[in-house]
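Dear colleague,

I am handing over the structure we spoke about, and my notes on it follow below. Please read them with the model open beside you.

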Amino acid sequence: MSARYQVIGATAAEISASIESGIRVGDLAAGAALPPVRALAAELRVSPATVARAYQDLRQRGLLATAGRHGTRVRPRPPVATRRALHPSTAPGTCDLSLGEPDTRLLPPLGPHLAALAAEFGAPLGYASAGVLPELADAARERFAADGVPADDVTVTGGALDGIERLLAAHLRPGDAVAVEDPGWANLLDLVAALGLRAIGVPVDDEGPVEAGVRVALAAGARALVVTSRAQNPTGAAVSADRAAALHALLAGREDLLLIEDDHAAELARVPLHPLAGATPAWAFVRSVSKPYGPDLRLAALAGDEATVARVAGRARVGAGWVSTVLQRLVLALWRDPATAALVDRAGASYERRRGDLLAALAARGLAGHARTGINVWIPVPDETSALTALRDAGWAVAPGALFRIAAGPGLRITVSQLDPPDLPALADAVAAAVRPRPSTAFRA
């Protein structure tokens, strides 16, 4: 825990509020360790049960996580606004490959489409006439149908994570268990915690969630299963035809399970989609536009069974209301533009080359990585901390696997979107040196 911050309080509520305040002002940063229960209890002169209740409250609200032998720590993205950035900026001269964002140089320009929309707009819309644009819904259905996703019922959400949050909130209650990929999307792990749900990790290989792991999660009482169709974050896994068939058979008819598929890579993916949609009575397929068209375009098309889509749309109506129709029209214009489609295809090809080149460079140095699709490469390592430190000292910032793991082994995630071809040999050399450090030459008696 930061030496600058002192937890105070005589009751569980006061201790909880003190820790939350430390997170809010930035004195307790993401990943910061808190004292063991008994140590803090002795320091505050309260019972260990009081501190344990405070920690439990913060865990249930998604602010803290128990990290096994590493103790209790602040979650990577606690659901409370902070005055300072949770992650320190990289040092000058460091190449930052940690963010998981698309290459902005490969995103389609929005200016011409916005200008065209401005010229086309008629009278401003009011509350009564706003909602999902029929033409956008029709276009989404066509795109889903082309990939074999049944899409009689479609709505729109403010991005993939917003859609998943609405789905989980509509079907589950605090304390329910959610089966998630392990390693998996860090933002999803934090969202599950913030909703007061329990995450059950499902191992992932290059073909997607492992069937045996899904079976174990179902036996443990999972009420929902979240699967990344392609470009899985952080491993680059993509659900294969064989894996999809096995999971279909396993999930068939499970009336007690909500199946959520996240196809965030969408048009960027260079492998066929093998959807699970419809394997269970309650299901949803979420496709964001952020990776292919730009992170600032907070929109995702969501298909699902009639009841599930109605719940999501109804919950939006009594909350945010709708996704801006201006944004919907912009996305529709991007979808309809052949030049934009060509740019997205070019971006997908660029990411595939960069991934392949990095994997080949690592393999030439005796290292195995994982990255069938997407913009990330996952590298298993013996020790994350030492590897991260060595890479940082060599001028490379990558993401620690701890952000993405529940019980999976340690690893590093490298985002290739900011990686230029001339940098590949130096990066591969640095990774090899970081993963297999030279023996110490210090004097030994």
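A residue is called buried here when its relative accessible area is under 20% and exposed when that area is over 50%. By that cut-off Trp 378, with a relative accessible area of 6%, is buried. Please keep in mind throughout that this is a predicted model.

Let me begin with the aromatic rings, of which the structure holds 2 pairs.

Trp 378 sits in strand E12 (residues 376-380), whereas Phe 404 is in the loop between strand E14 (399-400) and strand E15 (411-415), so the pair ties together parts that are 26 residues apart in sequence. Phe 404 counts as buried, at 2% relative accessibility, and Trp 378 is buried as stated at the outset.

Next comes the backbone. Most residues other than glycine have a negative phi, and most peptide bonds are trans. One joins Asp 182 and Pro 183, with omega at about 5 degrees, and Pro 183 lies in the loop that runs between strand E5 (177-182) and helix H7 (186-194). Another leads from Asn 233 to Pro 234, with omega near 25 degrees, and Pro 234 is placed in the loop between strand E8 (222-228) and helix H9 (241-251).

That loop between E8 and H9 also contains Ala 231, which has a positive phi of about 55 degrees although it is not a glycine. Is Ala 231 buried or exposed? With 5% relative accessibility, Ala 231 counts as buried. Arg 45 likewise has a positive phi, near 60 degrees, without being a glycine, and its place is in the loop between helix H2 (37-44) and helix H3 (48-60). Arg 45, however, is exposed, with a relative accessible area of 80%.

Finally, I looked at how H9 packs against helix H8 (residues 211-219). The axes of H8 and H9 come within 10 Å and cross at roughly 20 degrees; as angles under 35 degrees count as roughly parallel, the two helices are therefore roughly parallel to each other. H8 passes H9 in a right-handed crossing. On the H8 side the contact is made by Glu 211, Val 214, Arg 215 and Leu 218, and on the H9 side by Arg 243, Ala 246, Leu 247, Leu 250 and Leu 251. Sorted by class, this contact of H8 with H9 has 6 nonpolar and 3 charged residues, and no polar ones.

Conventions. Residues are numbered from 1 along each chain as its sequence is written. This is a predicted model: local features need pLDDT of at least 70, side-chain atom pairs count only at pLDDT 80 or more; totals for chains, interfaces and linings use all residues. Side-chain values use heavy atoms; hydrogens and water are left out. Helices (H or I, at least four residues) and strands (E, at least two) are DSSP runs, numbered from the N terminus. Buried means under 20% relative accessible area, exposed over 50%, partly exposed in between (1.4 Å probe, protein chains only). Rings of Phe, Tyr and Trp (its six-membered ring) pair if their centres lie within 6.5 Å; planes under 30 degrees apart count as stacked, over 60 as edge-to-face and the rest as tilted. Axes are lines fitted to C-alpha atoms, for helices over the stretch in contact, and angles run from 0 to 180 degrees between N-to-C directions. Angles under 35 degrees count as roughly parallel, over 145 as roughly antiparallel, 65 to 115 as roughly perpendicular and the rest as oblique. A crossing is left-handed if the near helix is turned anticlockwise from the far one by less than a right angle, and right-handed if clockwise. Contact means heavy atoms within 4.5 Å. Ala, Val, Leu, Ile, Met, Phe, Trp, Tyr, Cys and Pro count as nonpolar, Asp, Glu, Lys and Arg as charged, and the others, Gly among them, as polar.
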